[in-house]
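Let's take a look around inside a protein model. Here are the sequence and the structure to follow along with.

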Amino acid sequence: VQLQASGGGLVQAGGSLRLSCAASGRTFSAYVMGWFRQVPRNEREFVATISKSAGSTYYADSVKGRFTISRDNAKNTVYLQMNSLKPEDTAEYSCATSYFISQSWRVYDYWGQGTQVTVSS
């Protein structure tokens with residue numbers, strides 16, 4: 001499966017961005033989808049994940065209440081709505097597929113090219 005993330009950019013603290021991740025190649029609805037972020041020299045960090053039918057979502061404590069993950073299986077797309085952004089949210093954000101709900105990036109199989117989010121103070 002091929003994944004392409006988009007929607008990143010430069011935003012002031014307190015602002016919002018909506019990331020999208022479009023999938024192609026295989027049955028999108030067969031996969032759990034996750035968002036992760038990474039800054040240089042740091043390990044990849046879990047952000048959010050959503051079950052195949054969108055019935056369950058999980059968030060990192062650092063983004064809970066500010067970010068919302070959703071998916072549209074008819075459009076083969078997963079979204080990450082990011083509100084009340086903080087400078088510490090600055091990172092490259094990537095989407096990935098898994099067969100299991102997990103906060104560990106190690107169980108995610110396919111990764112898209114990331115999109116950069118920069119939050120200025």
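The side chain of R71 reaches the backbone oxygen of Y31 at 2.8 Å.

| Side chain | Backbone oxygen reached | Distance |
|---|---|---|
| R71 | Y31 | 2.8 Å |
| R71 | F28 | 3.0 Å |

Before going on: this is a predicted model, where local features need pLDDT of at least 70, side-chain atom pairs count only at pLDDT 80 or more, and totals for chains, interfaces and linings use all residues. Residues are numbered from 1 along each chain as its sequence is written, and side-chain values use heavy atoms, with hydrogens and water left out.

So where does R71 sit? You'll find R71 in strand β7; strands are DSSP runs (E, at least two residues), numbered from the N terminus. R71 is buried, meaning under 20% relative accessible area (1.4 Å probe, protein chains only). R71 has no salt bridge, which would take a side-chain nitrogen of Lys or Arg within 4 Å of a carboxyl oxygen of Asp or Glu. The nearest side chain of opposite charge, D72, is 8.3 Å away.

Now for the cysteines. C21 and C95 form a disulfide (sulfur atoms within 2.5 Å), with their sulfurs 1.9 Å apart. This pair links strands β3 and β9, 74 residues apart. The S-S torsion is about 60°, so the disulfide is right-handed.

Technical notes:
Helices (H or I, at least four residues) and strands (E, at least two) are DSSP runs, numbered from the N terminus. Buried means under 20% relative accessible area, exposed over 50%, partly exposed in between (1.4 Å probe, protein chains only). Lys and Arg count as positive and Asp and Glu as negative; His and the chain ends are not counted. A polar contact is a pair of N or O atoms within 3.5 Å; within protein, one must be able to donate a hydrogen and the other to accept it, and residues adjacent in sequence count only if both atoms are side-chain atoms.
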